[in-house]
Amino acid sequence: MARNIWLFVVSLFIGPAIGALVFFAFAVITDGIIVHAAGQSASNFLDENWPIILIAAYTLGAIPAAIASVIIMLVSRFLPQLWQRLVAGPVIGALVSAAVIGLFLFSDDVSSVDDVIIISGVALTGAVSAFCCVGLIELWHPLPKRSAPVT
């Protein structure tokens, strides 16, 4: 039970920050597919707007982080090995992030390529955030390790 509380807290408070960092990296690597409409480079856009992006990450990322952590808590009971939990976390994080943010942003219509790119980027941020949060809890948490399953 304590492990699940730690996972929820880490996911809620650290997960959105990790998602924001993934967004920053994605924007810089792609040189700002997202910001080309503004007519400026990704680094200029990020330098000027990083506080807004971080606030948006916490505002929009808190709900998928909370939902994903609860699902991971429920699913992890059936995954006795560490590698299984480390694989399940990103899959759950990506699916939940894409679904929740997709509902918020595109509840009217998802029809353009830009919409698919945005949903894919959101799924990527959810996957990386969930992997990092599960990894933090499983590998470096202050709780005792899980006992090995008895067969």
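The side chains of Arg85 and Glu138 meet in a salt bridge, with 3.0 Å from N to O. The term salt bridge stands for a side-chain nitrogen of Lys or Arg within 4 Å of a carboxyl oxygen of Asp or Glu. Arg85 lies in helix α4 and Glu138 in helix α5, so the pair ties together parts that are 53 residues apart in sequence. Helices here are DSSP runs (H or I, at least four residues), numbered from the N terminus. Both Arg85 and Glu138 are buried, where buried means under 20% relative accessible area, exposed over 50%, and partly exposed in between, with a 1.4 Å probe and protein chains only. The structure holds 1 salt bridge.

This is a predicted model, in which local features need pLDDT of at least 70 and side-chain atom pairs count only at pLDDT 80 or more, while totals for chains, interfaces and linings use all residues. Residues are numbered from 1 along each chain as its sequence is written, and side-chain values use heavy atoms, with hydrogens and water left out.

Next, the interior. A nonpolar core is a set of buried Ala, Val, Leu, Ile, Met, Phe, Trp, Tyr and Cys residues joined through side-chain atoms within 4.5 Å. The largest such core has 17 residues, and Leu7, Ile72, Ile92, Val96 and Val134 are those with the most contacts inside it. At least two residues of this core come from each of α1 (2–13), α2 (15–29), α3 (42–76), α4 (82–105) and α5 (113–140). Helix α4 gives the most to this core, with 5 residues. Leu7 is in contact with Ser69, Ile72, Met73, Cys133, Val134 and Ile137, leaving aside its neighbours within four places in sequence; contact means heavy atoms within 4.5 Å. A second, separate core of 5 residues includes Ala27, Phe45, Leu46 and Ile53.

Ala88 lies in helix α4 and is buried, with a relative accessible area of 16%. Its C-alpha atom is separated by 8.1 Å from that of Ser76, 12 residues apart along the chain. Thr125 lies in helix α5 and is buried at a relative accessible area of 17%. Apart from neighbours within four places in sequence, Thr125 is in contact with Gly19, Val22 and Phe23.

What of the cysteines? A disulfide is a covalent bond between the sulfur atoms of two cysteines. Here the term is applied to a pair of cysteine sulfur atoms within 2.5 Å, and the structure holds 0 disulfides. For Cys132, the nearest cysteine sulfur is that of Cys133, 6.9 Å away. Cys133 is buried, with a relative accessible area of 2%, whereas Cys132 counts as partly exposed at 30%.

On the surface, Ile5, Phe8, Val9, Phe13, Ile14, Val70, Leu74, Leu82, Leu136, Leu139 and Trp140 form a nonpolar patch, with about 970 Å² of accessible area together. Accessible areas come from the Shrake-Rupley method with a 1.4 Å probe, and for residues only the protein chains shown count as cover. Patches are made of residues with over 30% relative accessible area and no salt bridge, like charges being joined within 9 Å and nonpolar side chains (Val, Leu, Ile, Met, Phe, Trp, Tyr) within 5 Å. Helices α1, α3 and α5 each supply at least two residues of the patch, and α1 gives the most, with 4 residues. Ile14 has its place in the loop between α1 and α2 and counts as partly exposed, at 36% relative accessibility.
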